[in-house]
Amino acid sequence: MNEQIVQLKEKFEEKLSKISIASELEEIRVSFLGKNGSITGLLKQMGKLPNEEKKTFGQAVNTLKSFAAEKIADKVAELQKLELEREINSMPEFDVAMPPKLDRGSYHPITLVQRKCEQVFRSMGFTVEDYSEVVTDYECFESLNIPKFHPARDMQDTYYLENGQLLKSQTSAAQNAIYKKYRDQLVNEGKPIRAIFPGRCFRNESTDACHENTFFQMEGVMVDRNISISNLIFFMKTMLSEVFERDIKVRLRPGFFPFVEPGFELDISCLICGGEGCPSCKHSGWLELCPCGMIHPNVLSEGGIDPDKYTGFAFGLGLTRLAMMKYGVKDIRDFNGANLVNLSQFTDDK
């Protein structure tokens, strides 16, 4: 019997040494280690042996079985390494010193505007935060002073999911998390909360020249002692002048948003028609760009901040509309149209 084990081992090693492709490995595994394989078959012969020889024979067969399994695993690793080397050697050579092709693509205009805004706000001490597109009802509404069944929810035709969550209809959904994230820094270290959080928003809108069901906003908040409306106006004017690289005519008018009090609509003179009126500005000469205001005390309290000690402002900047104004895009639907001819013109914008 021991001689049979030795012969089977030699036969296995001989066949394994001739294997050159992975598919053949499976054949040899089944041939030796499968249910009806040669090594497995040895165990079936134990019944013919005297009892005193069964233990020794069984151990020898199991040793051979482990040896074969280990060798097959090593062969798999060897063949994988050889395959990787073949792929690497077959790759075409290229010169890393060659200049890149400039016609491979371009940044989307909304991306360019967002990066510019982030640059400006970072220079003023703001952090840039990221937040999920799928949020809870609490994040999007309840934490923002909009309880269930509040009529203000009708302002945002929201996409709800079967699990009760929703596609965020406003970047304000991140406010509560931001307050809680930096609350200790504000209270214990006296450092103001200054953060912006750009992102994609979703509403069941009827599309037209200035409305889409998918659009981009950038929320911004600042909380500290003695923050006032004048601070809000300063930061917004600074940002707009940097983005448009010129003085922009703006106006503030009262607006209702449950999470700010008082609330405002910051409008800019339409840069597409020069204030004369066009479809993009609904022929008013003005484009609503930035709902804003002083953060409501209830919202601060919900974020764990004492509204008797701290105040703050919040704004929701429409990045999509900002891109329309900066680049003279007359129809918001062009941004989602994937027209490469239109989008490629922004390649060299830095």
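Guide: Let's start with one term: a cavity is a set of points where a 1.4 Å probe fits but cannot get out, and lining residues have an atom within 4 Å of a point. Keep in mind, too, that this is a predicted model.

Visitor: Which residues line the largest cavity?

Guide: Look for I110, E212, T214, F215, F216, T320, I332, F335 and N336. Sorted by class, that lining has 5 nonpolar, 3 polar and 1 charged residues.

Visitor: And which strand gives the most to the lining of the largest cavity?

Guide: That's β5, residues 214-224, with 3 residues.

Visitor: Now for pockets. How much space lies in the largest pocket?

Guide: A pocket is an open set of points, unlike a cavity, where the probe cannot get out. Here the largest pocket holds about 800 Å³ of space.

Visitor: How many residues line the largest pocket, and which lie nearest its centre?

Guide: There are 38 of them, and R203, Q217, E288, P291 and R321 are the ones nearest the centre. By class, you get 18 nonpolar, 10 polar and 10 charged residues.

Visitor: Which elements each supply at least two residues of that pocket's lining?

Guide: Find β5, β6 (250-254), β8 (286-295), β9 (311-318) and α10 (319-327). Of the contributors, β8 gives the most, with 6 residues.

Visitor: Let's move to helices. How does the reach of α2 go with what is expected at 1.5 Å a residue?

Guide: The idea is to multiply 1.5 Å by one less than the number of residues. Helix α2 covers residues 22-33, 12 residues in all, and reaches 16 Å from its first C-alpha to its last, close to the expected 16 Å.

Visitor: Which residues in α2 are buried?

Guide: Buried means under 20% relative accessible area. In α2, L25, I28, F32 and L33 are buried. Viewed down the helix axis, the buried residues of α2 fall within an arc of 95°, so they line one face of the helix.

Visitor: What about α5: how far apart are its end C-alpha atoms?

Guide: Helix α5 runs over residues 109-123, and its end C-alpha atoms are 21 Å apart, which agrees with the 21 Å that 15 residues should span at 1.5 Å a residue. Just after α5, G125 takes a positive phi of about 90°.

Visitor: Which residues of α5 are buried?

Guide: P109, I110, L112, V113, C117, E118, V120 and F121.

Visitor: Is S269 buried or exposed?

Guide: S269 is buried, with a relative accessible area of 15%. You'll find S269 in strand β7, residues 260-269. Not counting residues up to four places away in sequence, S269 touches K249, G274, G275, G285 and W286.

Visitor: Where is P262, then?

Guide: P262 is in strand β7 as well. The thing to spot is the peptide bond from E261 to P262, which is cis, with omega near 0°.

Visitor: Which phi value does N145 have?

Guide: N145 has a phi near 70°, a positive value in a residue other than glycine. N145 is in the loop between α6 and β3, and its relative accessible area of 22% makes N145 partly exposed.

Visitor: And what is the phi of H283?

Guide: Near 60°, again a positive value in a residue other than glycine. H283 is in the loop between β7 and β8. At a relative accessible area of 58%, H283 is exposed, since the cut-off is over 50%.

Visitor: Last one: where does Q165 lie?

Guide: Q165 is in the loop between α6 (137-140) and β3 (166-167). Q165 counts as partly exposed at 28% relative accessibility. Not counting residues up to four places away in sequence, Q165 touches V134, V135, T136 and Y160. Check E139 as well: Q165 and E139 are 26 residues apart along the chain, and their C-alpha atoms are separated by 9.8 Å.

Conventions:
Residues are numbered from 1 along each chain as its sequence is written. This is a predicted model: local features need pLDDT of at least 70, side-chain atom pairs count only at pLDDT 80 or more; totals for chains, interfaces and linings use all residues. Side-chain values use heavy atoms; hydrogens and water are left out. On a 1 Å grid over the protein atoms alone, a cavity is a set of points where a 1.4 Å probe fits but cannot get out, and a pocket is an open set with protein on both sides within 12 Å along at least five of seven lines; lining residues have an atom within 4 Å of a point. Helices (H or I, at least four residues) and strands (E, at least two) are DSSP runs, numbered from the N terminus. Ala, Val, Leu, Ile, Met, Phe, Trp, Tyr, Cys and Pro count as nonpolar, Asp, Glu, Lys and Arg as charged, and the others, Gly among them, as polar. Buried means under 20% relative accessible area, exposed over 50%, partly exposed in between (1.4 Å probe, protein chains only). Contact means heavy atoms within 4.5 Å. The arc is that of the directions from the helix axis to the C-beta atoms. Grid points are joined across faces, edges and corners, and a volume is the space filled by probe spheres set on the points.
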